[in-house]
Each structure stands twice: as structure tokens, then as C-alpha cells.
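Me: Please take a close look at one part of this model and stay with it. I want the packing around it, with cut-offs spelled out.

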Amino acid sequence: MLIVMKPQASEEDVRRVCEKIVSMGYRAHPMPGAQRTAVGITGNRGPLEPEKFESLPGVAEAIRVSKAYKLVSREIKQEDSLIHIGPSAGGVTIGGRELAIIAGPCAVENREQARAAAARVCQAGARLFRGGAFKPRTSPYSFQGLGEEGLEILAEIRREYGLMIVTETIDPENCDLVEKYADALQVGARNMQNFSLLKRVGRSKLPVLLKRGMSATLDEFLMAAEYILAEGNYNVILCERGVRTFADHSRNTLDLSVIPAVKRLSHLPIIVDPSHGTGKRDNVIPLARAAVAVGADGLIVEVHTDPDHAISDGYQSLFPEQFETLVEQVTAIAGVLGRTVVSR
Ligand code: PEP
Ligand code: MN
């Protein structure tokens, strides 16, 4: 159920509605919007009676939510959500007119490699740095990441280059550690339905970059995000990174048609990962251009100064010069759509 407040409802009215919901044993999720505030209810097992709420001061109406997901839905919040990464003054906002580009290597391999990539993406104007310290690998024998040492290197990069750090957490236990170092927590494709991890990042104060599972439908993707919002963390950025199909010319099939579909159903921003989405360096720039054209709110791209010797995902990592070209080209396309690219 969704309680829609009147445009002139006071904070006191909203608080009273939330108290009522809590007193019934449920959780209240006030979502302020430009026109009005809506309050979502979670935790109820069956339908609730609208009359219980409609008699409270400031309430316009109580409506049943038609979708299985509630908090991620446009029914609760009509305006696009703006998700802020980094310090309140000087961070980056995703979901508005400005497109955010997150760039860096697949994994933090060592200090020199990570710093070299940071220097180049910084030079190209990026403000957000990616790099896994914990890598969820298909094989248990592949490089699993440097762990805390990798996180320390990322923290150094933040200090030195002023880049904000987006890095992956792979289970609820290591989340405590990753949270100490990251500006945003990445939940990878392989963990999109790791429900204990989703609940854990749902209790974090940091924004979450949630990647689409490699065989997830749109509903499953949005329901995964719903897990995070239901725990009280409304700062979720979705990421399309390609799904498995019969196509064998690319690592995954980048499903750009999901962007307008998500935009119609949800207020959450969505960015695109053309690196994992294609698996091939030469296809990254064309798909990045297409992603921006189709309405993505940003990109996450793998960049390496020596991709031929990268420990993971070298074949899909851009050379720094290619990343500069990507930034230039997507900036031009963004302009056609009345958008700009965040830069320093
Ligand atoms: C990554 O971003 O390095 C990664 C492992 O991506 P995905 O979870 O999309 O495979
Ligand atoms: Mn990778």
C-alpha cells in the first residue's frame, strides 16, 4: 500500500502516518517528491484497509500498489531519483542531467598498475574510479583480488587523485571492510540474487551500484533493488552489463532495450557497462555511444594502461587513449540529448 499525502501536508502529518504504520508492526518509507510525499508500507502480509489511513490529516489517498515491487516503482515516486556519491560538497550526482562515467581496471592488481590507470582516467576527466579488491571469479583458481591491501591502494588513489571509489563487496561479512574504504558499493552480476548481501547493503549508508544478473529478467532485476530499498537504503544505481544469449560473437549481449523499460517502471537511475557487456575492447566505444543515446545515466568502463598483461579482463579493457576518445564521443552524443558529462 502507498499513502499519498496532499501537496500541502505538513511534516507533522507525514510523521503521524509513519507512526501509525509502525504501530501496526510494519515499516514506513517516506519518499518526498517535488509535488507531494508518498509513504510506502512494507512488512504487511496481506492487503491493508485504505480507510485506516485516509482518515488521517494530510492524507490524499491510500492506494494499492499494482506491482510486486513497491519502493523502486514510479508509482511511489514519479520524479527520477538523484543518487549522490561522495562528500555532499564535491561529490557526483547520478540520475540528473549530468552523465557519470566510472572508469578503471577490472581489478586492483598492485599499487603501480592501479595508480597508472587512475592517473590516466583522471586526466581524461573521470571523477569516479572503479577497481575490484575482492573479485567474484568463475574459477576458484583465478586471482581473487588483493583484499584489504587493494582497498588501501584505492584509498590512496582517492587521496592523491581526488577520485571517488566504486568497488565490489562480495558477501555480507566483507561488506564491513569494503564500507570503510568505498564511496559506493558494487554488487556484481553473480550476486544480484544474493539476498543476504542485498539486505546487508540495504543497511549501509553508502550508495549501491547493483549490476543485473546475467540471466535476470527486468522484474528480477527490480526486485533485487527492492531488497535494498526495503532495508532503508534508497540510494541504488542500477547497471545493465549484458545477459547470456545464444550470441557467440560477444561475451554477453548488452541489453540496451532495458534502459527505457527501467525508466518507465522505476525512478532509479541506470548506467551501462559496455566492457562486460561486450567482452571485446573494440566493441566498447560503439556500445558506450549507443548506451548514452538510449538514455543511460552513465557508464562504467574498464581501462588499463597495459591491458595485454592485465590479470583479469584485459581483452575488454580500453587503452587510456581509447577512453579519452570514448569520453569525447559520448559527450557529443549527450549534448544532442541536452545532457552533459560530469568532469573535473
Ligand atoms: C566487474 O565489474 O568487474 C564485474 C565482475 O562485473 P559483473 O559483476 O558485471 O560480471
Ligand atoms: Mn571485469
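Reply: Start at the end of helix α10: just after it, G295 has a positive phi of about 115°. The model is predicted, so local features need pLDDT of at least 70 and side-chain atom pairs pLDDT 80 or more, while totals for chains, interfaces and linings use all residues. Residues count from 1 along each chain as written, chains are lettered from A and ligands numbered from 1 in the order written, and side-chain values use heavy atoms, without hydrogens or water.

Now the helix itself. α10 covers residues 281–294, which is 14 residues. (Helices are DSSP runs of H or I, at least four residues; strands are runs of E, at least two; both are numbered from the N terminus.) From first C-alpha to last, α10 reaches 21 Å. That is close to the 20 Å expected at 1.5 Å a residue (1.5 Å times one less than the residue count).

Next, burial. R281, V284, I285, A288, A291 and V292 of α10 are buried (under 20% relative accessible area; exposed is over 50%, partly exposed in between; 1.4 Å probe, protein chains only). An α-helix has 3.6 residues a turn, so residues three or four places apart point the same way. In α10, V284 and A288 are among the buried residues.

What do the buried residues of α10 pack against? Three of the partners are strands: β7 (98–104), β13 (270–272) and β14 (298–302). Helices α9 (274–278) and α11 (320–336) also pack against them. Contact here means heavy atoms within 4.5 Å.

Take α11 among those partners. Its axis lies 9 Å from that of α10, at an angle of about 20° (axes are lines fitted to C-alpha atoms, for helices over the stretch in contact; angles run from 0 to 180 degrees between N-to-C directions). The two helices are therefore roughly parallel (under 35 degrees; over 145 is roughly antiparallel, 65 to 115 roughly perpendicular, the rest oblique). α10 passes α11 in a right-handed crossing (the near helix is turned clockwise from the far one by less than a right angle; anticlockwise is left-handed).

α10 brings R281, D282, V284, I285, A288, R289, V292 and A293 to this contact. α11 brings Q322, T325, L326, Q329, V330, I333 and A334. By class, the contact of α10 with α11 has nine nonpolar, three polar and three charged residues (nonpolar: Ala, Val, Leu, Ile, Met, Phe, Trp, Tyr, Cys, Pro; charged: Asp, Glu, Lys, Arg; polar: the others, Gly among them).

α11 also packs with α3 (residues 111–123): their axes come within 9 Å and cross at roughly 25°. That makes α3 roughly parallel to α11. α3 passes α11 in a right-handed crossing. From α3, the contact uses R120, V121 and Q123. From α11, it uses P320, E321, F323 and E324. By class, the contact of α3 with α11 has three nonpolar, one polar and three charged residues.

Last, the strand β13, which packs against the buried residues of α10. I270 lies in β13. At 0% relative accessibility, I270 counts as buried. I270 touches, among others, F221, L238, C239, E240, V258, I259 and V262, leaving aside residues up to four places away in sequence. Its contacts also include K263, A296, D297 and G298.
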